Amino acid sequence: MKITEITTQTFTYTSHTTRDSEGHTHPGPAHEARQTLLRIATDEGIEGYAFGVNPDVIRGIVAPMLLGEHPFYRERIWQKLKERQRLHLGTLSDRVLSAVDQALWDLAGRALGQPVYKLLGGFRDKVPAYASTMCGDDLPGGLDTPEAYAEFALACKARGYPAFKLHTWQPPMPGAPDVKRDIAACTAVRAAVGDEMPLMLDPFHYYSREEALYLGRALEELHYYWMEEPMDEHSIASYVWLTEQLALPMVGPETAEGKMYTRAEWIVRGASEISRGGVGDLGGITPLVKTAHLCESFGVRMEVHGGGAANLHVLCAMGIPGEYYERGLLHPFVDYEQPAPWLNALEDAMDDEGFVHVSQKPGLGQEINFDYINSHLVK
Ligand code: XYH
Ligand code: MG
């Protein structure tokens with residue numbers, strides 16, 4: 001089998017979320033947005049798909065490297081793309097590698113008639129989800145006050161979520177960042193849901209050591225389950241210092257570049273108790289599985305960053321399983337139970353007990369609406 005064609009299709013859809021100047025998502029007025037489908041085709045008629053690539057990078061860098069390759073040689077392809085990144089980091093990002101790797105895993109599953117997690121070595125078929133909120137805002141009735149977070153946490157608990165993670169207020173929101181306001185929101189949520197529900201905080205990502213310590217000590221008093229990325233993750237020494245001061249587990253790194261290599265450095269230096277990574281951060285399913293095995297070798301749990309089919313398949317194939325599937329980002333004004341316009345079904349439908357079930361369909365199991373895509377193509 002050989003890769004004979006790599007194409008992209010960019011299409012429009014109506015979005016109800018916007019991004020602020022820092023890139024955080026919030027509810028927003030309906031507006032036209034664009035998405036891109038990556039398609040990898042072979043001489044045997046089997047195809048693999050993924051979403052969210054830059055067509056120019058696929059056409060200019062990726063396609064010339066992959067055409068003629070056997071699509072099952074994912075490790076060789078991923079290594080070649082990783083090496084090519086060195087002088088192309090501005091274009092050949094980990095997110096591009098992630099989409100290409102996901103499409104190759106999807107293709108293999110479709111070719112062999114198996115869901116990806118069973119190709120990886122299945123461990124479980126469902127994962128408990130935690131509710132992961134959008135960042136705070138100033139929308140009346142949104143996530144604009146500590147009481148609003150408490151009310152939303154109760155709604156998520158009633159929906160069946162076994163755990164709840166706050167992303168609190170970030171710049172450019174007025175008054176952000178504010179450690180005391182973060183603590184007020186965490187206190188209100190704990191008071192609302194009671195002492196048993198696991199609660200986590202993912203605050204402003206650039207607090208000082210002193211602010212992060214002050215915040216962590218407050219979360220210990222509130223019996224929070226973990227804290228994530230309170231400081232710049234490029235300073236491993238700061239996280240080593242913080243973990244030495246706190247019993248509260250630190251989870252990371254999430255956004256620090258460097259794939260599984262960075263996760264290895266954090267583990268050997270004791271910068272966090274729980275590791276973290278997702279297909280988007282690490283460059284695909286292939287490196288995320290490498291990282292899961294690295295963590296297992298050190299007896300370290302890895303909490304997977306972000307939702308989506310690819311992350312869910314890896315979560316269902318982990319020997320030391322990440323405890324939760326991150327479902328979100330959620331907000332009182334956003335109906336998360338509606339699938340994306342280009343999919344016929346949610347990738348992460350959750351049952352009443354708070355479990356997300358991995359697809360048993362071949363490949364990644366995304367139910368792609370090709371008719372929708374073809375009728376909304378950008379000319
Ligand atoms: O919006 O800054 C953010 C968050 O970082 C979010 O995008 C990300 O999904 C996360 O932190 N998840 O834990
Ligand atoms: Mg995070």
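This is a predicted model: local features need pLDDT of at least 70, side-chain atom pairs count only at pLDDT 80 or more; totals for chains, interfaces and linings use all residues.
Next, the fold. I count 13 helices and 12 strands in the protein chain. The radius of gyration is 21 Å, close to the 21 Å from the globule rule for 379 residues, so the chain is as compact as a globular protein of that length. I also boxed the C-alpha atoms along the principal axes and got roughly 60 × 45 × 40 Å.

Then burial and surface. Of the 379 residues, 56% count as buried. The protein chain exposes about 15,600 Å², and carbon and sulfur atoms supply 52% of that. I checked contacts too, taking residues at least 6 apart in sequence: 69% of these join residues at least 24 apart.

Last, the metal. Which residues coordinate the magnesium ion (ligand 2)? I find Asp 202 (OD), Glu 228 (OE) and Glu 254 (OE), at 1.9 to 2.1 Å. Along the sequence, these donors follow the spacing D-x25-E-x25-E. Asp 202 sits in strand E6 (residues 199-202), while Glu 254 is in the loop between strand E8 (250-251) and helix H9 (259-268), so I noted a pair 52 residues apart that links distant parts of the chain.

Are Asp 202 and Glu 254 buried or exposed? Asp 202 has a relative accessible area of 1%, so I log it as buried. Glu 254, at 8%, is buried as well.

Notes: Residues are numbered from 1 along each chain as its sequence is written. Chains are lettered from A and ligands numbered from 1 in the order in which they are written. Side-chain values use heavy atoms; hydrogens and water are left out. Helices (H or I, at least four residues) and strands (E, at least two) are DSSP runs, numbered from the N terminus. The radius of gyration is taken over C-alpha atoms; the globule rule is 2.2 Å times the number of residues to the power 0.38. Buried means under 20% relative accessible area, exposed over 50%, partly exposed in between (1.4 Å probe, protein chains only). Contact means heavy atoms within 4.5 Å. Accessible areas come from the Shrake-Rupley method with a 1.4 Å probe; for residues, only the protein chains shown count as cover. Donors are N, O and S atoms within 2.8 Å of the metal (3.2 Å for Na, K and Ca); water is not among the atoms, so sites may look incomplete.
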